[in-house]
Amino acid sequence: MKTRAITAFFFTIVMLGSIFLGAVTFTFFYLFLSVFSLAEFYKLIKTSGIRPHRNIGLVVSAFIFLITAGYHLYQFDTKYLLLLIPLVSAVFLGELYKKDKIPFGNIAYTFVGFVYVTVPFCFFYSLAFIQDFKTHNYHLPLAFLLLLWASDTGAYLFGRKLGSHKLFERHSPKKTWEGFFGGMLTSVLVSFVISLFFTEIPFLVWAGMAVLIVSFGTLGDLVESMLKRSLNAKDSGTLLPGHGGLLDRFDGLLIAAPVVFAYLYLVLN
């Protein structure tokens, strides 16, 4: 428990620092997280006998993220996305030389990694530019993390004290409906506090964001639990002592970030 608390403390400080220290630090920190999370995903998948194209996948992942960052920071033309074509083709061509029994399984899981890990991190990163696609603003990424952490904390506290009705026992025996609604209540209360400081967005919009983060963040947690159970894995990795891997920490973000981005883009623009 002590190790878990120490890891959580320092990792939280680093994450908050990456948001407050400006666009460049924010960019490279989440580039690091997205690439290492994808590497963790590929390593986890390999335990099932599938052999995704790890090196090509990591290069493509970094390229996708950097193009996203370049679009926001330097107004890169979207034509640079055409450079992905040879990289994507390399996934198929590389399989010709593997002599594997399940070549399209390897190809499929290489691309699943982009959809499951890389794209959600790009959406989260883009939250910083959603109000002005050329100007970095840390308010929305910070609020997203605060609401996600409030959800996790509320779900844990309410679930531990009041939890009796299982939410989705097949994939996560410890989650309860009481914890889910406790997390919802906590997150909405935190959204009210956020609205007092970040007044450019009305409270009801913040509250809607909180509801989406709790709902889809919980689904993201269940999806990652389903993945680990299908592979008989307790944790996605060992990078964070007491917490497991990066995917264990960001499972909620992976499903919630694209949905929240779409919501805010439609509401704010």
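Trainee: What are the helix and strand percentages over residues 56-74?

Mentor: In this predicted model, residues 56-74 are 100% helix and 0% strand, with end C-alpha atoms 26 Å apart. Helices here are DSSP runs of H or I with at least four residues, strands are E runs of at least two, and both are numbered from the N terminus.

Trainee: Where does UniProt place the feature "transmembrane region"?

Mentor: The unreviewed UniProt entry lists several spans, including 56-74 and 250-268. Positions are given in the numbering used here, feature names are shortened, and annotations may be inferred rather than shown by experiment.

Trainee: And how far apart are the end C-alpha atoms of residues 250-268?

Mentor: They lie 25 Å apart, and that span is 100% helix and 0% strand.

Trainee: Turning to S61, is it buried or exposed?

Mentor: S61, in helix α3 (residues 54-74), counts as buried because its relative accessibility is 0%. Buried means under 20% relative accessible area, exposed over 50%, and partly exposed in between, with a 1.4 Å probe and protein chains only.

Trainee: Which residues is S61 in contact with?

Mentor: Beyond its neighbours within four places in sequence, S61 contacts S34, V35, L38, F114 and T118; contact means heavy atoms within 4.5 Å.

Trainee: What does H139 touch?

Mentor: Not counting residues up to four places away in sequence, H139 touches F198, E200 and W206. H139 belongs to helix α6 (residues 139-162) and is buried, because its relative accessibility is 16%.

Trainee: Which conventions apply?

Mentor: Residues are numbered from 1 along each chain as its sequence is written, and side-chain values use heavy atoms, leaving out hydrogens and water. Local features need pLDDT of at least 70, side-chain atom pairs count only at pLDDT 80 or more, and totals for chains, interfaces and linings use all residues.
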